[in-house]
Amino acid sequence: MVKKMKIMLVSDSHGNKSGIEKIFEKYKFDYLFHMGDGVKDLGLFANLENVYCVAGNCDVFSAEGEEKIIKLGGYTFLITHGHRYSVKSNLNKIVSRGKEIGANFVCYGHTHNANYIESDGLYIINPGAFQKGKCVMLSIDRGISIENIVIE
């Protein structure tokens, strides 16, 4: 059974701690995924059960791994920063990894450019740079909806 849920997607916060706080103050969501480069910006929010994060190439001293496979509500999510998959060149490696693990969603960052692609039932989402306030609300109900949000 597929569970209705809202997931806030954030990446590349690079010091935007106040923006992270605003997300928790202003938006209702079931989960938050941070795809690296600023994991420390989560502060105490990182300890919440509904927050998942991975280290990016700038998260040098982070104890977080570089990718996580998360199963929620009947879906499988791959979250990763993307630098190990050469996402600035193309998405071939990250798409292959998503398919290899049977993911429904691949969420990544690193490029600082928002991107959304659906290919053969695999949703590939980059929320853009949260350093500039960009993030995405992924809503799953009877369908999939992607809402681009800018936090000022």
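In this predicted model, E67 counts as partly exposed, because its relative accessibility is 25% and thus lies between the limits of 20% and 50%. Its salt-bridge partner is R97, and the closest N and O atoms of the two side chains are 2.5 Å apart. Since R97 lies in helix α2 and E67 in strand β4, the pair ties together parts that are 30 residues apart in sequence. R97 itself counts as buried, because its relative accessibility of 18% is under 20%.

**Other salt bridges**

The count of salt bridges in the model comes to six, and the table sets out three of them.

| Salt bridge | N to O distance | Relative accessibility |
|---|---|---|
| E67 and R97 | 2.5 Å | E67 25%, R97 18% |
| E66 and R84 | 2.8 Å | E66 31%, R84 57% |
| D141 and K4 | 4.0 Å | D141 41%, K4 61% |

The side chains of E66 and R84 meet in a salt bridge with an N to O distance of 2.8 Å. This pair links distant parts of the chain, with E66 in the loop between β3 and β4 (67-72) and R84 in the loop between β5 (75-80) and α2 (92-100), 18 residues apart. E66 is partly exposed at a relative accessible area of 31%, whereas R84, with 57%, is exposed.

The salt bridge between D141 and K4, whose closest N and O atoms are 4.0 Å apart, also links distant parts of the chain, for D141 is in the loop between β9 and β10 (144-150) and K4 in the segment before β1 (5-10), 137 residues apart. Here D141 counts as partly exposed at 41% relative accessibility, and K4 counts as exposed at 61%.

**Aromatic pairs**

The count of aromatic pairs comes to nine. One of them joins F24 and F29 in an edge-to-face arrangement, with 5.4 Å from centre to centre and 70° between the planes; the angle is called edge-to-face because it is over 60 degrees. F29 is buried, with a relative accessible area of 14%.

Another pair, formed by Y31 and Y52, is tilted, with the centres 6.3 Å apart and an angle of 45° between the planes. Because Y31 lies in strand β2 (residues 31-34) and Y52 in strand β3 (residues 51-53), this pair ties together parts that are 21 residues apart in sequence. Y31 counts as buried at 13% relative accessibility, while Y52, at 22%, counts as partly exposed. Both residues belong to one aromatic cluster, which is formed by Y31, F33, Y52, Y75, F77, F105, Y116 and Y123.

**The surroundings of Q131**

Q131 is found in the loop between β8 (122-126) and β9 (134-140), and its relative accessible area of 42% makes it partly exposed. Although Q131 and S13 are 118 residues apart in sequence, their C-alpha atoms are 4.3 Å apart in space. When its neighbours within four places in sequence are left aside, Q131 is in contact with D12, S13, H14, N16 and H112.

Methods. Residues are numbered from 1 along each chain as its sequence is written. This is a predicted model: local features need pLDDT of at least 70, side-chain atom pairs count only at pLDDT 80 or more; totals for chains, interfaces and linings use all residues. Side-chain values use heavy atoms; hydrogens and water are left out. Helices (H or I, at least four residues) and strands (E, at least two) are DSSP runs, numbered from the N terminus. Buried means under 20% relative accessible area, exposed over 50%, partly exposed in between (1.4 Å probe, protein chains only). Contact means heavy atoms within 4.5 Å. Rings of Phe, Tyr and Trp (its six-membered ring) pair if their centres lie within 6.5 Å; planes under 30 degrees apart count as stacked, over 60 as edge-to-face and the rest as tilted.
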